[in-house]
Amino acid sequence: MPGYYEFFAGGGMVRAGLGPGWDCLLANDIEAAKGRAYQANWGADEFVLRDIASLQPGDLPGRADLAWGSFPCQDLSLAGPGAGLAGARSGTFYAFWRLMRGLIAEGRGPRLIALENVCGALTSHGGSDFAAIAETFAAANYRLGALIIDAALFRPQSRPRLFLIGADARLAIGPALRASGPCEPFHPAALVRATQALPGHLWWRLPAPPPRWLTLADVIEDPPAGDWHAPDQTARLLTLMSPVNLAKVEAAKRRGERLIGTVYRRTRRDAAGARTQRAEARFDSLAGCLRTPAGGSSRQLILAVEGKTVRSRLISARETARLMGLGDDYRLPANYNEAYRLTGDGVVADVVRHLAAHLFEPLLATQAVSAAA
């Protein structure tokens, strides 16, 4: 059974995606609320609640086949402050890599190192942050391949994310796992542009998943009436919409059937350049990307349209968990804000499973066969 370390583990969504065929050797996060959720769902034995900067290689047991790090995205996000890898949060990448260097020096370097972050990491500081990460992999003798995977392929949530997968250069990579060049849907033009100056970049070959059948309406609960906003609150929300967004609501009304959409409140500049709050709606069967206030955005709202009736409410914690690929048996924090932060900061479990099934596990199985031979 392959073993792994999970850093910036949150509530254990990587663990949910890898599944029972993987052995968690250590999970680490600094946030106590996330740690409580992790332990409530997965047990306390492997979880370490500490600042990653305080960890030493000796704190990491055994030798992992995979080290996963979903390091904080706020400084790399287009919605964030733009500090890049020099920022206090996204700069924790270097604390993660210090541990990797220590493991390598001890002969315990993970066979695979996976990082997950926002797509803004490609262009942060003119691409220099992405180049720095790639150079870090290369200096440690890891061959790097990048993918952009949108969770919308698996779940009704628009959530494109950058995945950087590095393989120890001594590992044999068969032709079934690598392509001769970029291919859809995981190597879009933005990624191709960002990697043009990176020598030796790998183009990992993954199959596209089957068509997604799940829609936003399928994950939405029917809460008691008290959970919906009062009519005047919904009316106020509609006044924040631009003509383009109001037209979406009017079109939904004309359909004459129950339609579920989502709304984000954002700060935009008006024609005079003044900052003003706007509400932006979508009715494409997808939720917008779940984000937390620390990531530069507001909480998402549900908009239900049935004929001339329009209702609004805050998206529920359970709905956000479903959008992240967590089952209804997953124990969420009782506090709404803690639950929303947990899910909004996480990685979609289905995406992790796809990577595990079509890249990690076949690659590690090849090494096991080679060793046996």
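Let me start with the holes: the count comes to two cavities of 30 Å³ or more. A cavity here is a set of points on a 1 Å grid over the protein atoms alone, where a 1.4 Å probe fits but cannot get out. The grid points are joined across faces, edges and corners, and a volume is the space filled by probe spheres set on the points.

A word on the model. It is predicted, so local features need pLDDT of at least 70 and side-chain atom pairs count only at pLDDT 80 or more, while totals for chains, interfaces and linings use all residues. Residues are numbered from 1 along each chain as its sequence is written, and side-chain values use heavy atoms, with hydrogens and water left out.

Back to the cavities. The largest has a volume of about 50 Å³. Its lining residues, meaning those with an atom within 4 Å of a point, include Glu 116, Arg 159, Arg 161 and Phe 163. Gly 346, Val 347, Val 348 and Val 351 are also among them. That lining divides into six nonpolar, one polar and three charged residues. Nonpolar covers Ala, Val, Leu, Ile, Met, Phe, Trp, Tyr, Cys and Pro; charged covers Asp, Glu, Lys and Arg; the others, Gly among them, count as polar.

The second largest cavity has a volume of about 30 Å³. Phe 71, Leu 115, Glu 116, Asn 117, Ala 121, Ile 133, Leu 162 and Leu 164 line it. Two elements give two or more residues to this lining: strand S5 (112-117) and strand S7 (160-168). S5 gives the most, with three residues. Helices (H or I, at least four residues) and strands (E, at least two) are DSSP runs, numbered from the N terminus.

Now, how do S5 and S7 run? They are antiparallel, and six bridges join them. Asn 117 has Leu 162 of S7 as its bridge partner. Both of those residues also line the second largest cavity.

Zoom out to the sheet. Seven strands form an open sheet with mixed pairing, in the order S3-S2-S1-S4-S5-S7-S6. Two strands pair if DSSP finds at least two bridges between them. At the edges sit S3 (47-49) and S6 (142-150), each pairing on one side only. On average, neighbouring strands are turned by 15° against each other, direction ignored.

Next, the helices. H2 (residues 32-42) lies across S1 (3-7), S2 (23-29) and S3, at about 165° to S3. H3 lies across S1, S4 (66-69), S5 and S6, at about 180° to S5. Axes are lines fitted to C-alpha atoms, for helices over the stretch in contact, and angles run from 0 to 180 degrees between N-to-C directions.

H3 (residues 92-105) also packs with H4 (residues 128-139), at an angle of about 5° with axes 12 Å apart. The two are therefore roughly parallel, a label for angles under 35 degrees. Phe 93, Tyr 94 and Trp 97 of H3 meet Ala 132, Ile 133, Thr 136 and Phe 137 of H4. Contact means heavy atoms within 4.5 Å. Six of these residues are nonpolar, one is polar and none is charged.

Last, the backbone. Most residues other than glycine have a negative phi, and most peptide bonds are trans. Phe 8, in the loop between S1 and helix H1 (13-18), has a positive phi, near 55°. The bond from Glu 184 to Pro 185 is cis, with omega near 0°. Pro 185 lies in the loop between strand S8 (178-179) and helix H5 (189-195).

Note on methods
Parallel < 35°, antiparallel > 145°, perpendicular 65-115°, else oblique. 1 Å grid on protein atoms, 1.4 Å probe; cavity = no way out; pocket = protein on both sides within 12 Å on 5 of 7 lines; lining within 4 Å.
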